[in-house]
Amino acid sequence: MSSSDSLHLETTLRAFERSQWNALAGDQPFVRHEFLSALHETGCAAPDTGWTPYFLALRRNGVLAGAVPLYLKTHSRGEYVFDYAWADAYARHGLRYYPKLLSAVPFTPVTGARLLAPSHEDRIVLAQGLIELAQQLKLSSLHLLFPRDEDLAALREAGYLVREGVQFHWRNANYAGMDDFLAAFNHDKRKKIRQDRKKVAQAGIRYRWLRGSDIDADALDFFYECYCRTYYEHGNPPYLNAEFFRQLHEHMPDAIVLILAMRGDEPVAVALNLQGGDVLYVRYWGSTTFVPGLHFETCYLQSIEYCIANKLSRFEGGAQGEHKIARGLLPAPTWSAHWIADPRFSDAIEDFLAQETAAMQDYLSELEMHAPFKPA
């Protein structure tokens with residue numbers, strides 16, 4: 001770090017000019033100033049919910065040159081990279097795992113910028129600065145979840161432990177339309193998808209794609225009703241409140257893509273996606289009725305069709321779900337990076353990650369064998 005550089009810890013996004021922050025964040029929606037502000041200002045990711053926000057800022061001659069969104073966490077919920085066994089090991093040895101320091105987008109398992117800086121050198125400065133911060137705060141550990149490749153390279157160089165995961169993504173091979181996409185499938189998989197789509201259509205379901213100003217208050221209210229229903233059906237309260245989605249629509253309208261399933265004039269299901277650049281990210285879904293195949297049509301096939309129609313390059317189908325492979329979403333590795341303060345636990349976790357990574361590589365190889373496409 002040069003003499004003109006300085007690292008500062010901030011406790012609010014208001015300490016940053018929106019334009020300067022967003023210039024570092026890029027076009028992916030989840031780390032933009034508006035998205036994070038909505039999470040904090042609506043109380044969804046706030047100290048009361050176990051997410052105390054912090055921001056590490058790198059300034060050069062007083063100008064923002066890099067930043068890291070951070071949270072002091074008192075639990076591991078809403079992260080999608082599971083370290084409960086690590087916390088349990090600390091507890092069994094009479095040690096405190098929480099609070100821990102986390103760089104992630106709350107409730108959002110999407111790969112993106114974590115070390116917000118344009119150069120590798122500055123990302124190294126931020127990665128090292130985070131370790132120094134965790135040491136100063138006497139924390140058990142530091143975790144960066146779903147970092148992009150550029151960040152991962154800097155984190156490896158700075159000595160972090162790396163953990164591998166998997167998601168399922170669709171990539172656009174310049175398909176002319178949905179029929180062109182389905183033509184790439186082998187016969188059995190193509191026949192199954194067409195049968196499933198036909199069942200949904202025969203149930204009287206039609207679709208509307210809404211983006212930005214096309215999304216009115218009624219559509220947003222219907223989405224939130226379905227979103228809550230999905231969480232409660234799984235025995236959990238929703239992470240996000242209605243005000244969060246209202247703020248998101250007010251401040252980032254063009255990022256939201258709603259896929260509404262209609263029966264006559266009434267909506268019966270909905271998926272909320274976020275679009276950034278030429279990528280679509282599925283986030284939430286819900287329905288008020290059961291129709292065979294409705295979930296996959298609404299969440300995945302309609303999203304793929306939207307991507308083809310709008311010439312988007314990729315659709316990220318979210319966490320988990322081997323069943324997504326049959327719809328053309330193929331396995332894609334994801335990553336997380338970890339610094340553990342106690343050398344004994346760091347060594348044990350490093351050994352565990354070496355075994356887990358080998359198993360994950362085998363798992364990825366097995367998944368790739370189930371791709372639904374015809375041989376090239």
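I started at G43, which follows helix α2 and has a positive phi, near 80 degrees. Helices here are DSSP runs of H or I, at least four residues long, strands are E runs of at least two, and both are numbered from the N terminus.

A note on ground rules: this is a predicted model, where local features need pLDDT of at least 70, side-chain atom pairs count only at pLDDT 80 or more, and totals for chains, interfaces and linings use all residues. Residues are numbered from 1 along each chain as its sequence is written, and side-chain values use heavy atoms, with hydrogens and water left out.

**Helix α2**

I looked up how covered α2 (residues 33-41) is, and eight of its nine residues are buried (under 20% relative accessible area, 1.4 Å probe, protein chains only). Among them are F35, L36 and L39. The buried residues of α2 pack against α1, β2, β3, α9 and β9.

**α4 and α5**

Next I checked how α4 (residues 120-136) packs with α5 (residues 149-157): the angle is about 55 degrees, and the axes are 9 Å apart. The axes are lines fitted to C-alpha atoms over the stretch in contact, and angles run from 0 to 180 degrees between N-to-C directions. H120, R123, I124 and A127 in α4 meet residues of α5 including E150, D151 and L155, where contact means heavy atoms within 4.5 Å.

**Whole protein**

I also noted eleven helices and twelve strands. Of the 376 residues, 56% count as buried. The C-alpha trace spans about 65 × 45 × 40 Å along its principal axes.

How values were computed
Buried means under 20% relative accessible area, exposed over 50%, partly exposed in between (1.4 Å probe, protein chains only).
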